[in-house]
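The model is predicted. Please look at the sequence and structure before reading on.

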Amino acid sequence: MKSKNKFLDGNWHPVEETSAENLKVSGEIPEELAGLFLRNGPNPKKFDEANYHPFFGDGMIHGLRLENGQALWYRNKFVTSPNGFGPNTHVMKHGNKIYALVEGGLAPVIMDEEMNFLDDEPFPSAQNKRFTAHPKIDSKSGEMHAISYDFNEYLKGKEQVHYVVIDKNGKQTKDQIIELSSRPMVHDCAITENYILVFDLPATFNLGRRERQNKASSGDYPVIWDEDHNSRVGLQSRHSDEITWIDVPKGFLFHIVNSYENETGEVILDFCRYDKLFDFENPLPMGHKPFLTRWVIDTEKKSCKQTMLDDRSMEFSRVHPDLDGQEHQFGYMLNDGSLNRFFKRDFFKDQTKEHFLGGNKQAAEPVFIPKKNAVSEDDGFVVGFVYDKTSDSSEFVIIDANNFSDEPLATVSLPQRVPFGFHGSWINLD
Ligand SMILES: [Fe+2]
């Protein structure tokens, strides 16, 4: 489908809801993959072609159910929400609930394992259910931690974000205000054993500034790059209200790989770093390239050392699902630009392996699924939806993470293409 708006062109174009059973598989789906792969993304029901931006597209979740080496079903459904806008950014399980998520202050929507959206209230008894698309789950405590900003508060001029904690039973146990001096776009956060990291970076909401400067452009998003805004990370204690701010090299991030504290107490953060974003020359998110980067934050000296880890541009970084806040050896990324390669980074050995999907293929975020009796951190599978430009169709690939560059173990043919989207999760169902 052709469109002048790049976010409606090609595989960005929305699709209808559909479903299919007993899908064609080439190769062999590992028997132990018994569960549901879910992926959220924007799929606008209606759009103004000139001005549509995917961050505002209605959420649609694509689900693929695997069991006994078979692809039992695929279905895709709009996220239905009482407030009208279906969260479009992530879908993940925490405790016994599956949440569809978005940033900006909207409540998550709860769905079941058959992809029915439920009327259940997220975080029962919480006064406010604002949340984020990228919470972090501490696998030791079972707690889910989030930094949430709220469009409504930003519109009222409130320069603050919230530190929200949900316990393993789905109950909100913290909603702490963190005061700022601007209204930054805080897409991701990070946890370590003692901190949650607050990214106060120069991409800020500034409704009207473009218009005042007569530089509004189509497909625009109400975030600007504020050159006068420092880049800083807040080390918010997980155990008290105390926060320590540390200046970091100027830049922006959508996504981290992971963060942890090393044996000397330094905070290590691996992430995909942009030197700049949302500037007037390149107002769209893809205007600048992200590179895998490490920050080593000295909490005593309050300093930050930055190292670029790879000169290939990459994004949609993921880590082992049980390692949020703990030391990681591996991360998984998608190449920026042509979208036809997955990367597996070994942070211990300073090596990056590639999985080339094919010249006409365009993938999305790679999701790592550990084996049930894994003997190493990378003992598992890397999976994701892949679009084929030649046939205008999509498939689901399962790659052996230990033999990362080899042909996929299995490829599942899908009944219709899966548009580009954002984030997803594997949910074990046995
Ligand atoms: Fe994201």
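**Nonpolar cores**

- The largest nonpolar core has 101 residues, and among these Leu197 and Val383 touch the most other members.
- Strand β28, residues 380-388, supplies six residues, the largest share of this core.
- With neighbours within four places in sequence left aside, Val383 is in contact with Phe37, Val367, Ile369, Phe396, Val397, Ile398 and Trp426.
- There is also a second, separate core of five residues, including Phe7, Leu8, Trp12 and Phe47.

**A five-stranded sheet**

- Five strands form an open sheet in the order β1-β5-β4-β3-β31, and their pairing is antiparallel.
- At the edges are β1 (18-21) and β31 (424-428), each of which pairs on one side only.
- On average, neighbouring strands of this sheet are turned by 15° against each other, direction ignored.
- Within the sheet, strands β3 (residues 35-42) and β4 (residues 59-67) run antiparallel and are joined by eight bridges.
- Leucine 36 has arginine 65 of β4 opposite it.

- Strand β19 spans residues 252-261 and is mostly covered, with seven of its 10 residues buried.
- Seven bridges pair β19 with strand β20 (residues 267-274) in the antiparallel sense.
- Isoleucine 256 stands opposite phenylalanine 271, which belongs to β20.
- Five residues lie between the two strands of this hairpin, and glycine 265 in the turn has a positive phi of about 90°.

Methods:
Residues are numbered from 1 along each chain as its sequence is written. This is a predicted model: local features need pLDDT of at least 70, side-chain atom pairs count only at pLDDT 80 or more; totals for chains, interfaces and linings use all residues. A nonpolar core is a set of buried Ala, Val, Leu, Ile, Met, Phe, Trp, Tyr and Cys residues joined through C-beta atoms within 7 Å. A residue is buried if 20 or more other C-beta atoms lie within 10 Å of its own, exposed if 12 or fewer, and partly exposed in between; C-beta atoms are placed from the backbone. Helices (H or I, at least four residues) and strands (E, at least two) are DSSP runs, numbered from the N terminus. Two residues are in contact if their C-beta atoms, placed from the backbone, lie within 7 Å. Two strands pair if DSSP finds at least two bridges between them. Axes are lines fitted to C-alpha atoms, for helices over the stretch in contact, and angles run from 0 to 180 degrees between N-to-C directions.
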